[in-house]
Each structure stands twice: as structure tokens, then as C-alpha cells.
Amino acid sequence: MDKIFIRALKTEAIIGIFDWERQVKQTVLIDIEIGADVRKAALSDSITDTLNYKRVAKRVLSFVEASQFHLVETLAEHVAMLILEEFGIAWVGIVLSKPGAVRGSRDVGVALERDRSRLEEWRAAPRRAP
């Protein structure tokens with residue numbers, strides 16, 4: 001499987017469980033891998049034959065900046081489902097981290113992979129509003 005990737009997409013978001021974390025935006029880093037067949041684009045050299053990763057990045061940044069989740073797990077899941085739904089792709093991998101969240105570490109976070117088979121389950125699942 002070919003992959004299109006975006007590494008270290010950096011933004012700020014309200015993320016965390018402590019009262020102070022609910023008051024100030026913190027840095028979030030996102031790595032995105034998207035399963036894609038790039039053969040057609042490689043032959044045509046045309047953006048219309050591939051996934052426009054700039055559009056993906058802009059959409060993810062917009063979503064994350066407006067979000068207010070407690071857990072990085074929840075934010076990563078929402079980002080994965082957003083990409084699956086809005087860009088019609090088959091598979092996505094997300095690594096979402098919060099630098100400096102644990103003293104003595106560079107960063108902490110979560111890595112997950114999701115595919116289209118999870119969309120119906122996602123749509124039907126009850127969840128807390130962001």
C-alpha cells in the first residue's frame with residue numbers, strides 16, 4: 001500500500017483533564033499517514049489524481065484548534081474519523097502527541113490506525129460532545 005504522510009503538524013488546542021488545562025491552549029503535534037494508491041498521480045503528474053494533502057492539513061488544523069477534548073485518545077479518534085469521512089480514504093494512521101505533558105519526557109501521546117469499516121460503528125456510538 002502506498003502512503004501519503006504529513007509529519008509534525010503543529011497547532012494549539014484546549015486538551016487535558018486538569019482545570020488549568022481547560023483554560024490555556026497547549027501544543028499538539030500530529031503525524032498523519034493515509035493509505036492511498038498513488039500510481040495514477042505518479043503517471044499523470046496531476047493533483048486531481050491524488051489526495052491534496054494541503055487540504056487535509058488545513059482541515060485537521062481547523063478542527064483541532066476548535067476542539068476542547070479532555071483526552072489525546074479522543075482527539076486522535078476524532079481526527080482519524082474526520083479524515084476517513086471527509087476525504088473518502090480507506091485507511092488512516094494518526095500519531096497525536098502533547099509535548100511536555102509529562103515532566104522529563106519529550107512528549108506523550110497515542111498512535112492509532114482506523115479504516116472505513118469503523119465508520120458505521122463510529123457514527124452509531126454515543127459520545128460526549130467536544
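**Notebook: contacts, sheet and core**

I began with Arg114, which touches Glu77, Ala80, Met81, Leu84, Ala90, Trp91 and Val92, not counting residues up to four places away in sequence; contact here means heavy atoms within 4.5 Å. The model is a predicted one, in which local features need pLDDT of at least 70, side-chain atom pairs count only at pLDDT 80 or more, and totals for chains, interfaces and linings use all residues. Residues are numbered from 1 along each chain as its sequence is written, and side-chain values use heavy atoms, with hydrogens and water left out.

**Arg114, continued**

I placed Arg114 in strand S5. Helices (H or I, at least four residues) and strands (E, at least two) are DSSP runs, numbered from the N terminus.

Next I traced the strand order. The sheet is open, has 5 strands in the order S3-S1-S2-S4-S5, and its pairing is mixed. Strand S3 (68-69) and strand S5 (107-115) each have a single partner strand, so one side of each is left without a neighbour in the sheet. Two strands pair if DSSP finds at least two bridges between them.

I went through the antiparallel pairs one by one.

- S1 (residues 3-15) and S2 (residues 26-35) run antiparallel and are joined by 9 bridges; Lys3 has Gly35 as its bridge partner in S2.
- S2 and S4 are antiparallel over 6 bridges, and Leu29 stands opposite Ser97 in S4.
- S4 and S5 are antiparallel over 9 bridges, with Ser97 opposite Gly109 in S5.

S4 is mostly covered, with 7 of its 9 residues buried.

**Helices over the sheet**

Helix H3 (residues 72-87) lies across S1, S2, S3, S4 (91-99) and S5, at about 35 degrees to S5. Axes are lines fitted to C-alpha atoms, for helices over the stretch in contact, and angles run from 0 to 180 degrees between N-to-C directions.

**Core**

I looked up the largest nonpolar core and found 35 residues; those with the most contacts inside it are Ile32, Val60, Ile83 and Ile94. Such a core is a set of buried Ala, Val, Leu, Ile, Met, Phe, Trp, Tyr and Cys residues joined through side-chain atoms within 4.5 Å. S1, S2, H2, H3, S4, S5 and helix H4 (119-124) each supply at least two residues of this core. H3 gives the most, with 10 residues. In soluble globular proteins, nonpolar side chains tend to be buried together.

I then listed the contacts of Ile94, leaving aside neighbours within four places in sequence: Ile30, Asp31, Ile32, Ala76, Val79, Ala80, Ile83, Val110, Ala111 and Leu112.

**Aromatic pair**

I found 1 aromatic pair in the structure. Phe63 and Phe69 form this pair, which is tilted, at 6.3 Å centre to centre and 40 degrees between the planes. Rings of Phe, Tyr and Trp (its six-membered ring) pair if their centres lie within 6.5 Å; planes under 30 degrees apart count as stacked, over 60 as edge-to-face and the rest as tilted. Phe63 is buried at 18% relative accessible area, and Phe69 is buried at 0%.

**Thr11**

Thr11 is in strand S1 and is buried, with a relative accessible area of 5%. Its side chain joins that of Glu65 in a polar contact of 2.7 Å. Beyond neighbours within four places in sequence, I listed Gln26, Thr27, Val28, Leu61, Val64 and Glu65 as its contacts.

**Positive phi**

Ala8 has phi near 55 degrees, a positive value in a residue other than glycine. Ala8 is in strand S1 and counts as partly exposed at 47% relative accessibility. Asp45 has phi near 60 degrees, also positive in a residue other than glycine. Asp45 sits in the loop between helix H1 (39-44) and H2 and counts as exposed at 73% relative accessibility.

Terms used
Buried means under 20% relative accessible area, exposed over 50%, partly exposed in between (1.4 Å probe, protein chains only). A polar contact is a pair of N or O atoms within 3.5 Å; within protein, one must be able to donate a hydrogen and the other to accept it, and residues adjacent in sequence count only if both atoms are side-chain atoms.
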